[in-house]
Amino acid sequence: MKLVQFINLGGPINWVLCALLCFCFCQCLERSIYFFQTRRGTKRDVIARLKEKMAQKGELDPQKRMKVFHSECSILYYEMNRGLWFLNFIASVSPSLGLLGTVTGLIGSFSQLSKAGANVNISDLSGGIWEAMLTTAFGMIISIPALLCYRTFKRIIEKRLLAMSLYDAESESSSERGENA
């Protein structure tokens, strides 16, 4: 059975789910590449970029330094979170679309059942049930990896934010030591 035939068996909702799967794959791939390229020790390391940016600002009074630090952290936070809302959206919507496919498949089954009247044929009923179960499964197949990737990326961001705040605390304590010396 060809892929197009398999998708068609699930009805029109499966095409929407298939499009969401493609977007999900592209977003996961893009974010994976981003997080790989900005991991610790690379030239695009987020913490190293933050340290470099703060070093470029030179000696500022503590209040201005804190302002610059927070603005740089906000920019980096936005960069790390770019597009993750879409993964969260896909993880939330795809099971609902699968259930919509279930309902439309069952409606089709009962429609066939009512047309058949007393001459009920099991094959008439099974086509709609097949469509119903296929779209539900397809919705879950999309939702689970999307949610897994979303949570994994969020965890990476949390670790990087912790490292940023530790850098801030470290730089504050070193500047206080310099003032006291």
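Let me start with two helices, α2 (residues 12–37) and α5 (residues 84–116), whose axes come within 10 Å and cross at roughly 160 degrees. An axis here is a line fitted to C-alpha atoms over the stretch in contact, with angles running from 0 to 180 degrees between N-to-C directions. Helices are DSSP runs of H or I with at least four residues, numbered from the N terminus. This is a predicted model, where local features need pLDDT of at least 70 and side-chain atom pairs count only at pLDDT 80 or more, while totals for chains, interfaces and linings use all residues. Residues are numbered from 1 along each chain as its sequence is written, and side-chain values use heavy atoms, leaving out hydrogens and water.

Back to the helices. α2 and α5 are therefore roughly antiparallel, a label for angles over 145 degrees. Residues making the contact (heavy atoms within 4.5 Å) include Phe23 of α2 and Phe86 of α5.

Next, aromatic rings. There are 6 aromatic pairs in the structure; rings of Phe, Tyr and Trp (its six-membered ring) pair if their centres lie within 6.5 Å. How are phenylalanine 86 and phenylalanine 89 arranged? Their centres are 6.1 Å apart and their planes at 20 degrees, so the pair is stacked, meaning planes under 30 degrees apart. The two residues sit 3 apart in helix α5, so about one helical turn separates them. Phenylalanine 89 has a relative accessible area of 39%. That makes phenylalanine 89 partly exposed, a term for values between buried (under 20%) and exposed (over 50%), using a 1.4 Å probe and protein chains only. Finally, Phe23, Trp85, Phe86 and Phe89 form a cluster linked by ring pairs.

Definitions and conventions
Angles under 35 degrees count as roughly parallel, over 145 as roughly antiparallel, 65 to 115 as roughly perpendicular and the rest as oblique. Rings of Phe, Tyr and Trp (its six-membered ring) pair if their centres lie within 6.5 Å; planes under 30 degrees apart count as stacked, over 60 as edge-to-face and the rest as tilted.
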